[in-house]
Amino acid sequence: MRIALSTLALLALLSSPAAAFGPHPPATTIFVDASNPATGTGTAENPFSSIQDAIDAATQGDVVGVAAGTYTETLVLAPDVVVLGSGAATTTLDSGGAAPAVEFADRATFAGFRVTGVTQWGNAVQGGDVTDAVLRDNEISGNEARAVAFGGSTGIIQRNRIAANPTFTGPPTHCPCDGVVLSRSAMSLIENEIDGNDPNGNVRAVEITQATPSWPGPVRIERNEIVGRIWFSSVTAPPAGEHRVQGNLILSGNGFTEAINVAFSPGAGLVANNTIIGGGGIFLQGGSIARIIGNGVAFGSDGIVGHTSGLEI
């Protein structure tokens, strides 16, 4: 009865407007339910008990629908496959200590999970040189590792709750660990809640690094609620458009760390219409250049500071 009820709930979720994945319907839905005592075949009547087994059975355009439950495994996603949990409140992916818990592939979507349990150096969710990744509607917390990291990639990270780990852990010591790290990547970070609060200033809620003109587009950080700081490091202008940090609410939890720190970044782009509360405001250093427009800074030790850098305010 447990499997039947979970499958009915999952069918309802997959048929809802929120589960629409563009104008073309998915070729197949492959079902997963951790409570199935058998290995399963992926049908609604006999679901797989392992998410990875379902991913391995999927082909381009398929949806892997995962019933509520706890799944102790790590995942390697497949190109053009959607992996859809029943919601972060009820569907948990526990890596059992290993990193990463989720490895992205080109044009893969991963949504509707809590990702937790990583206890070694690395990343809870990661992608390397992938295109059009979609990470949405998840909670990524309780990891002794960086929460999310993409390198050389494109895609969107949207409506997630993401928690860094500011606590020294080990042995060996591998945290404090950052929230979101985007290296050489043209990605959009939109409408997330990111907690990088660290009383000692050791972690970054968001780090953007080495975004060079050779990569195909700009970084967008928009409409997020961020506790901690955004750090730009060695960022140059994209070939078209500009990087944007816009419309975010940024809270400094420790009272002194800069909310936005732009370092050695001659093409940092637009920093506009952010609300910054507490901490050191906006700080530019090392020849960084940015357009800083319409930001509100309150209850901080500094407002906007440029040290050997260029500002348009």
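With which side chain does the side chain of Gln158 make a polar contact?

Mentor: This is a predicted model, in which local features need pLDDT of at least 70 and side-chain atom pairs count only at pLDDT 80 or more, while totals for chains, interfaces and linings use all residues. Residues are numbered from 1 along each chain as its sequence is written, and side-chain values use heavy atoms, with hydrogens and water left out.

The partner is Glu191: its side chain makes a polar contact with that of Gln158 at 3.1 Å. A polar contact here is a pair of N or O atoms within 3.5 Å; within protein, one must be able to donate a hydrogen and the other to accept it, and residues adjacent in sequence count only if both atoms are side-chain atoms. Gln158 lies in strand β14 (residues 154-158). Strands (E, at least two residues) and helices (H or I, at least four) are DSSP runs, numbered from the N terminus. With a relative accessible area of 17%, Gln158 is buried; buried means under 20%, exposed over 50%, and partly exposed in between, with a 1.4 Å probe and protein chains only. Leaving aside neighbours within four places in sequence, Gln158 is in contact (heavy atoms within 4.5 Å) with Leu135, Arg136, Asp137, Ile190, Glu191 and Asn192.

Next, strand β13 (residues 146-151). Five of its six residues are buried, so β13 is largely enclosed by the rest of the structure. Strands pair if DSSP finds at least two bridges between them. β13 pairs with strand β10 (residues 123-128) in the parallel sense over five bridges, and Arg146 of β13 is the bridge partner of Asn123. With strand β18 (residues 180-183), β13 pairs in the parallel sense over four bridges; there Phe150 has Leu182 of β18 as its bridge partner.

The loop between β10 and β11 (133-136) holds Asp132. Asp132 has a positive phi of about 55° although it is not a glycine. Most residues other than glycine have a negative phi, and most peptide bonds are trans. Asp132 is partly exposed, with a relative accessible area of 48%. Ser234, in the loop between β24 (230-233) and β25 (244-246), also has a positive phi, near 55°. Its relative accessible area is 35%, so Ser234 is partly exposed. A cis peptide bond joins Ala99 and Pro100, with omega about -5°; Pro100 is found in the loop between β6 and β7 (102-103).

The second largest pocket has about 160 Å³ of space. On a 1 Å grid over the protein atoms alone, a pocket is an open set of points where a 1.4 Å probe fits, with protein on both sides within 12 Å along at least five of seven lines; lining residues have an atom within 4 Å of a point. Grid points are joined across faces, edges and corners, and the volume is the space filled by probe spheres set on the points. β12 (139-140), β15 (161-163), β20 (193-195) and β23 (225-227) each supply at least two lining residues. Among the lining residues are Glu139, Arg161, Glu193 and Val227.

As for the chain as a whole, there are two helices and 34 strands. Of its 313 residues, 52% count as buried.
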